[in-house]
Amino acid sequence: MITNADPATQLAGLLGELPDEVAGPLATVRGLVEYAARRLGSLPQAHAPDAGRALELVAIRLYDVQTDLGLIATRLVSVTAARARHTSACRLVDRRYAPRPLNQPMRKLCWLSPTAS
């Protein structure tokens, strides 16, 4: 995870890891729920197919949560990047038009200096 970044970038990185389909924790949980649903669906007891179907619905909701978290992370990254571009552009403008420090003397203009004729 990035440690020198602002909190929004850090949060976007964390939210981007959660819905990862290969190594993300939500994918692992969803896989276990799907496995349990298949196992329950194959059992001969009367209540097992209903429980299996309920677990399938939970797996679908977990997939929706994964998708939503991925979209939120993408939006955070794009908004943070746009803000960084805007901030750096503002800094360039601010430096160019910033007033001179008080302890810096003004440059003498040649037509105002006493030695100019």
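Modeller: Setting aside neighbours within four places in sequence, Gln66 is in contact (heavy atoms within 4.5 Å) with Pro19, Asp20, Glu21, Leu26, Ala27 and Arg30. This is a predicted model, in which local features need pLDDT of at least 70 and side-chain atom pairs count only at pLDDT 80 or more, while totals for chains, interfaces and linings use all residues. Residues are numbered from 1 along each chain as its sequence is written, and side-chain values use heavy atoms, with hydrogens and water left out.

Gln66 lies in helix H3; helices here are DSSP runs of H or I with at least four residues, numbered from the N terminus. Gln66 counts as buried because its relative accessibility is 3%; buried means under 20% relative accessible area, exposed over 50%, and partly exposed in between, with a 1.4 Å probe and protein chains only.

One of its partners, Leu26, also touches Leu18, Leu62, Val65 and Leu69, not counting residues up to four places away in sequence. Leu26, Leu62 and Leu69 belong to the largest nonpolar core, which has seven residues and also includes Leu15, Val33, Ala59 and Ala73. Such a core is a set of buried Ala, Val, Leu, Ile, Met, Phe, Trp, Tyr and Cys residues joined through side-chain atoms within 4.5 Å. Helices H2 (25–42) and H3 (48–97) are the elements giving two or more residues to this core, and H3 gives the most, with four.

In H2, the buried residues are Leu26, Ala27, Arg30, Val33 and Ala37. Seen down the axis of H2, they fall within an arc of 125 degrees, so they line one face of the helix; the arc is that of the directions from the helix axis to the C-beta atoms. On the other side of H2, Leu32, Arg38 and Ser42 are exposed. Arg38 counts as exposed because its relative accessibility is 53%.

As for confidence, pLDDT is the predictor's confidence in each residue, from 0 to 100. The protein has a mean pLDDT of 76, and 63% of its residues reach 70 or more. Confidence is highest in H2, at 92, and lowest in H3, at a mean of 78. Over residues 109–113, pLDDT stays under 50, and the model has one contact beyond four places in sequence for them. Where pLDDT is low, the predicted coordinates should not be read in detail.
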